[in-house]
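Biologist: Could we go through this model together? I would like to ask about its sheets and its helix packing.

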Amino acid sequence: MEQLRFDYGEGELFLDAGFRLFKDDHMVLVGSNGTGKTTLLNILSGRFQPDQGRIEWLPKTKVGYLDQYAKIDKNLTIFDYLSNVYRTLLDKEIQMEDLYESINHLPDSEHDAVLRRASAIGEYLIEQDFYAFKSRINGILSGLGLGHVGSDTSIHKLSGGMRAKVILAKLLLEESDVLLLDEPTNFLDIEHIEWLTKFLSEYSKAFIVVSHHEEFIRSIANVVLLLENKTLTRFKGSYDSYLKEKTLRTQQHERNFESQQKQIKELETFIEKNITRASTTKRAQSREKVLEKMVRVEKPIKLKKLKILFPYSGRTGDVALVVKNLVIGYDRPLLKPINLKILKNQKVLITGKNGIGKSTLLKTIIGEIPSMGGSFRFVEGTKINYFPQENDLNDDWTPYQVINHHHPLMEQKQIFPVLANIGIPHDLALKPIRQLSGGEKTKVRLAVMTLVKSNLLIFDEPTNHLDVHTKRFLLDAIATFPGTVLLVTHEEEFSNHIADQVLSMTD
């Protein structure tokens with residue numbers, strides 16, 4: 001890719017950006033939320049066309065793309081959807097069976113020719129390892145945590161996280177020459193992130209992965225591609241070596257900028273003092289030319305310190321929540337009756353495989369869906385602040401309108417700082433939600449929470465799409481919250497540094 005430029009209508013995302021991908025590159029694409037990582041994958045996959053530049057794949061390169069919001073035909077079963085990967089071979093098998101069947105209706109003189117054709121197809125299917133495809137499908141489903149779900153299950157019965165896994169499974173089965181994966185660990189729990197890590201580490205071809213999950217990218221990367229300041233910089237080596245080199249480059253960039261600014265100031269001061277003096281005019285004009293021809297060093301962009309704070313409404317009793325024989329589910333129970341007691345100010349991590357019922361439990365205790373039996377009781381005076389896994393924002397609204405909707409009495413001069421504190425600057429605050437990146441949408445939802453006083457925070461996968469910088473401030477905000485926290489997350493750093501109790505949900 002060379003000299004790439006792309007304007008999404010609100011300004012350029014890329015300015016003469018370029019890089020090369022080699023056949024054994026296990027590349028991770030990193031950068032802050034909103035810099036254009038998903039857009040770049042869309043351009044590489046051919047979904048978006050650049051305004052300028054050249055993108056050239058080696059002839060016959062098969063590119064597979066997983067985006068954050070991929071669509072899927074919900075009327076298919078899991079097996080039907082995944083077996084489409086082998087549609088050409090399945091059609092060959094049908095052709096072979098038809099040939100064998102046709103012998104019953106053909107004269108003896110044609111039998112040998114038909115049998116040879118059918119046998120040739122059979123040998124081709126064996127060469128393609130066709131008869132092991134069911135095993136491959138089951139292996140990937142198991143690795144991604146769908147082994148307990150029957151492959152004959154209709155996709156419309158799956159949760160959003162399970163559907164995302166099925167889409168990922170299909171992409172992995174296709175064995176493309178290049179995989180483009182946008183946030184593949186979203187909706188995966190720790191066990192299945194480990195499986196995907198191993199799969200990608202052993203992948204014999206190339207991939208580009210967008211992810212903010214540091215442990216994951218640390219384990220899979222042999223190349224890091226940084227998207228920053230509208231350009232792309234390639235770092236050969238591990239993620240840790242990238243971090244070290246980037247730190248050194250940043251420090252050098254800052255020194256170069258400061259040195260040049262000092263030089264510019266000296267030149268400008270000399271010109272101002274000497275341009276009108278007859279004896280020194282020529283020297284001043286000479287310095288003006290130097291200033292005009294100078295290639296300016298861009299001002300270093302420093303990540304702003306975020307201010308994430310969840311207001312505390314005051315203490316409650318010693319026991320925050322009691323659950324007795326609670327049965328959760330929709331048309332049928334998902335688990336055996338649940339019993340638990342959560343004490344005041346505890347930070348509780350809820351774990352379990354996808355589809356086990358973590359989100360269903362949270363929705364049940366906040367009253368979003370009815371229980372199927374048993375009971376739960378919050379201590380009197382409990383005030384809940386809830387972050388759902390699903391994006392519940394109106395795509396037609398701006399972040400400013402979102403805050404204004406929840407707090408109509410807030411003045412304009414109060415709303416913009418609330419959004420800026422969490423990384424949504426003034427220009428983004430006035431854009432429709434649909435134009436924001438996944439991480440920026442998450443930030444808007446978190447901004448709403450920072451205006452709610454509570455003594456119980458409930459989070460369902462709050463880090464999906466968030467960049468590393470924002471996650472660190474969110475981690476601190478949750479850890480320092482003086483009340484009780486219920487947290488569903490696949491982030492190991494969160495579970496290691498926050499939780500003082502773990503609720504493991506099992507069948």
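Biologist: Which residue is the bridge partner of Lys324 in strand 13?
Modeller: The partner of Lys324 there is Ser375. Strands here are DSSP runs of E with at least two residues, and helices are runs of H or I with at least four, both numbered from the N terminus. This is a predicted model, in which local features need pLDDT of at least 70, side-chain atom pairs count only at pLDDT 80 or more, and totals for chains, interfaces and linings use all residues. Residues are numbered from 1 along each chain as its sequence is written, and side-chain values use heavy atoms, with hydrogens and water left out.

Biologist: How many bridges join strand 10 to strand 13?
Modeller: Five bridges join strand 10 (residues 319–327) to strand 13, and the two run antiparallel. Two strands pair if DSSP finds at least two bridges between them.

Biologist: What is the strand order in that open sheet of three strands?
Modeller: The order is 11-10-13, with antiparallel pairing. Strand 11 (338–343) and strand 13 (373–378) each have a single partner strand and stand at the edges, so one side of each lacks a neighbour in the sheet. From one strand to the next, the twist averages 5°.

Biologist: Which strands does helix 11 touch?
Modeller: Helix 11 (residues 358–365) packs on the sheet and touches strand 10, strand 11 and strand 13. Its direction makes about 115° with that of strand 10. Contact means heavy atoms within 4.5 Å, and angles run from 0 to 180 degrees between N-to-C directions, with axes as lines fitted to C-alpha atoms, for helices over the stretch in contact.

Biologist: New topic: at what angle do helix 3 and helix 4 pack?
Modeller: Helix 3 (residues 87–102) and helix 4 (residues 111–127) pack at about 155°, with axes 9 Å apart. They are therefore roughly antiparallel (angles under 35 degrees count as roughly parallel, over 145 as roughly antiparallel, 65 to 115 as roughly perpendicular and the rest as oblique).

Biologist: Which residues make the contact?
Modeller: Among them are Leu89, Met96 and Leu99 of helix 3 and Val114, Ile121 and Leu125 of helix 4.
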